[in-house]
Number of protein chains: 2
Amino acid sequence: MFPGRYRPTRGTKRSWSRPLPLAAVTYFRIALAQVNPTVGDLAGNTQMMLDWAARVDDVDLLVFPEMALTGYPIEDLALRPSFQRAAAAALVELAAGLNAVGLGQTPVVVGSLSIDSHGRPLNIAAVIYRGDVAATYHKHRLPNYGVFDEFRYFSAGTVPLTLRIAGIDVGIAICEDIWSNATPQPWDSTADLLVVLNGSPFERRKDDERLDLCVQRARQNDLAVAYVNLVGGQDELVFDGDSLVVDRTGQLIARAPQFIDGLMTVDLDLPTGTGTDAKWFSDSHTRETPPLTPGVAVALDDDEELYEALVLGLSDYVRKNGFHQVALGLSGGIDSALVAAIACDALGADRVIGVSMPSKYSSAHSQSDAAQLAQRTGLNFRTVPIAEFVHLFTETLHLSGLAEENVQARVRGVTLMAISNAEGPLVLATGNKSELAVGYSTIYGDAVGGFAPIKDVTKTQVWQLSRWRNAIAVERGEIPPIPPDSITKPPSAELRPDQQDSDSLPDYEILDQLLDLYVEGDRGASDLVSAGFAPDLVEQVIALVDRAEYKRRQYPPGTKVSAKAFGRDRRLPITHRWREQGF
Amino acid sequence: MFPGRYRPTRGTKRSWSRPLPLAAVTYFRIALAQVNPTVGDLAGNTQMMLDWAARVDDVDLLVFPEMALTGYPIEDLALRPSFQRAAAAALVELAAGLNAVGLGQTPVVVGSLSIDSHGRPLNIAAVIYRGDVAATYHKHRLPNYGVFDEFRYFSAGTVPLTLRIAGIDVGIAICEDIWSNATPQPWDSTADLLVVLNGSPFERRKDDERLDLCVQRARQNDLAVAYVNLVGGQDELVFDGDSLVVDRTGQLIARAPQFIDGLMTVDLDLPTGTGTDAKWFSDSHTRETPPLTPGVAVALDDDEELYEALVLGLSDYVRKNGFHQVALGLSGGIDSALVAAIACDALGADRVIGVSMPSKYSSAHSQSDAAQLAQRTGLNFRTVPIAEFVHLFTETLHLSGLAEENVQARVRGVTLMAISNAEGPLVLATGNKSELAVGYSTIYGDAVGGFAPIKDVTKTQVWQLSRWRNAIAVERGEIPPIPPDSITKPPSAELRPDQQDSDSLPDYEILDQLLDLYVEGDRGASDLVSAGFAPDLVEQVIALVDRAEYKRRQYPPGTKVSAKAFGRDRRLPITHRWREQGF
């Protein structure tokens, strides 16, 4: 039940429709609710969950993802007693509401927040049944790496929970619980079905990892695995859904599409439970209808997956923070063109304001590329020439060189923020990850904005995504949003005559490879040299990356799509004198 | 040996000179090196430590603080293999150097970074002896709250380490190790002396907590405690030193001054060790000279302590990042006046550039207050009128209201950054914690800067510190740096005619009390109402604080001085819809 919102796409990895062998009329029906909550919106999330629950009919078990009731991650809200109390109250309300929508006799597993007897927060799976919380599981394994700080927030659970539902033994786990091979595992290995509640953020290729992991757990314990994940954007994270079910042999039998919310109902042929510790809910029963035919969503190809992540990350930031419009500077270059395309896809072109702010160094082709972008996408276009402002600053303050270059970027920043103050749009910063890495941006200039949609996208990926987006448009018979010139021309900040990025930076193809090793791989200089990069280049790039930390610290948030985004994923001091050696 | 740098100050809590009863000629002499390393500067830190070691003569044990060799906290550098290898190499170099400066026969305990057999980082105390690492202790208890994320970085130790030095059993602990009452403790309770290596950042009243803690541990285990702490600024943290020694009865017998580096040598009368697990270094020996008379530094009073923390935090940020000057806008108001005074004390007035940037709404008294501040302090003063810039923006972009107000602040930001680009000074943001809390600042306007010295100082504290600084000047026969008018006049942003802070905010005295409960105390709305604040006011202030999160995220770093600073101490999502209830 991804009604209307599921659309087949290019790519061949998965097929949404694949028949199961016809099973007996006794089967276990589970519904996985791939939902998009908002952090802290307890009333709204409760209602949203009840809306989904109301669409459920005749299932043995309904499961919502990790901390679906509170939203995730809630960060220091977990520590605030008033929020803890409100979350407890919302769970009671949800339980009553589930009764009211006719699910009183159906166990419903919900991720939320609770506290232990010492008042320490717990990341829980609550089993709601007949209007009450009938059982609770506490997440055992707390991730404390990358973007995660769960030792800061939660006390770890130590007791497994097994439910006997419709005669089947169902084990419960929460996200990180299944990522380690250490034994004993936090679930009963004799269970027939392992239900996993997740708040697993998108990264490139994470979908493959998740499937592999579920297959491994299924085979190790001879049990089916039902994996339900959140969907939606939350500050720098975007959850992609990708909920899935594998059978006892590790065969993928159902998979939900990424980046949209919905309900996936799957019928499973499972052996009757034998566990002695299982908490009893109901015995097995027969149905008069044959089991449903499950579907496996067609896989998105890598470009589409990345693009959709960026679209959802932006649209949810805008929606959940109550903005109605966005504004961005259009330079005619590829970064602002891609951000404009993403914004138009996320919000509709009528909610996007593009501002061309030519200076005396802006080329005619840049200005026409910006105008063409506006025409192609239909966004709201306006032009504010900045030469006069820049002239006044440079004359009054006697500026030249870098100071004059930066004043241009900062006048543009002031202009965009003035539009934001006057008309209310969220300003988007258009910098990419490669620029952010080496500090090739002007702080308080092109770096202004409330959100930076492509801050975790390398320049190489920017070009690739732009080509892909245009190609998709052609395939659909639409006008490609991005002017081809913006894709093909050499990149330039146009802050001085005939300036090109290549004046101060290596080719982006080389740079991005180096950054991949240094930033994502955390490899030292000698490794980079061993990998074949020129020592001088390695030294230059590392120095640039290290020196730009202070700029990154003040950069707006943006959607994480890589294994290591700048921000919470990579935490380095501003003040430090470590210099990589081995050039 | 805090040569020259120790100066007696006001206050009466402690006295630097207090005679010990004359002891036998057998005593244990320990030197605590309260040092100021720079994160990542392995060569520089090694040399600095050797310089201190070279001044040590005839001691039984020399101790450096937690991670003194690497600097602290090193954040994700801990995870980088190239840095781990370099830290190991630096330890070898330090060991050789200690031999060279004549300490080959003296055990020296040094905090640094190592890795375990799985390659996971360890926070260690290395015992260097005869040119080698003779023993290693791994920190057992890893703080993962407040500003600390040590579960992210370190693997926890599990084995205590006891050293038999000069016949005495010496236990080792690192910082957080001693903060819990849980048993077993990570040190051997039969030891005679517990040596604690610390990286304990300053917070108001932390000195009292530390002493109480050491007294408690001494009494519980009947052992003397030698506590050695880092000193110096590191991004948002400032370490205050405050190294101390308590005897077996819990009596404070020596205490180093806060905020300066130095060596504190203490002679202790201790029983001969009896532990069977102690690693042997040397038997007891006699000396021909009587024991030294230890000193207890005169306590700083609360205002001086806070002011010194801010001075050191700023001066180390400037020095360690290689800046030569700072620049800030001078409005004539109290915040910029206090920051200017701190900067002049930290760097000398000749390295401080103050820029008056009057707009058409700037009052004559503000401009004269700014000029007077410059005259009183001797900083480099210049005036850049901004009316013409603002006029051009407001006319061209048709701005009024908030947009026009903010353009003034942003033009000032552009001006300061242009000066920074042209001449190189670090720009200081002058906002205080109360403003930052409620978002009473202009992002990319008065919020521009590389460092924000008073971002963790409330407005009430700003006034109090300003009065204190002026009073101290009078006491010293100097010119009080801050114009009295700046202290006494009602605060105003002067962005529109007759604007006053009280137009949009409650009185700062009330506001700061509310913020203390909501921000530092993490109390909910109903608690605030119960505490006697008007429900409307509570609702207004909480809404302001919650909405300003996005501004705080892009604010420059600044010295943490409270129990909960904005930044790593308080981590909240930007996107969230939790609204406190109970008005």
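**Buried area.** Chain B and chain A bury about 6800 Å² between them. Carbon and sulfur atoms carry 57% of it. I keep in mind that this is a predicted model.

**Contacts.** Next I looked up who touches whom. On chain B, 77 residues are in contact with 77 residues of chain A.

I then looked for salt bridges between chain B and chain A, and the count is 8. One that I noted pairs the side chains of Asp522(B) and Arg80(A), at 3.0 Å from N to O.

Which helices of chain B each supply at least two residues of the side that touches chain A? I listed α2 (81-103), α3 (150-153), α5 (302-320), α8 (387-397) and α9 (401-423). Of these, α9(B) gives the most, with 12 residues.

**Make-up of that side.** I sorted the residues of chain B that touch chain A by type. They divide into 38 nonpolar, 19 polar and 20 charged.

**Symmetry.** Last, I laid chain B on chain A. A turn of 180° with a shift of 0.0 Å along the axis does it, and the RMSD is 0.0 Å. The two copies are therefore related as by a two-fold rotation axis. I checked which residue of chain B comes closest to that axis: Gln554(B), with its C-alpha at 2.1 Å. The same surface serves both copies, as 100% of the contact residues of chain B recur in chain A.

Key. Residues numbered from 1 in each chain as written. Chains lettered and ligands numbered in written order. Predicted model: local features only at pLDDT ≥ 70, side-chain atom pairs only at ≥ 80, totals over all residues. Heavy atoms only, no water. Contact = heavy atoms within 4.5 Å. Buried area = accessible area lost by both parts, 1.4 Å probe. Salt bridge = Lys/Arg side-chain N within 4 Å of Asp/Glu carboxyl O. Helix = DSSP H or I, 4+ residues; strand = E, 2+ residues; numbered from the N terminus. Nonpolar A, V, L, I, M, F, W, Y, C, P; charged D, E, K, R; others polar. Least-squares fit on C-alpha atoms with pLDDT ≥ 70 in both.
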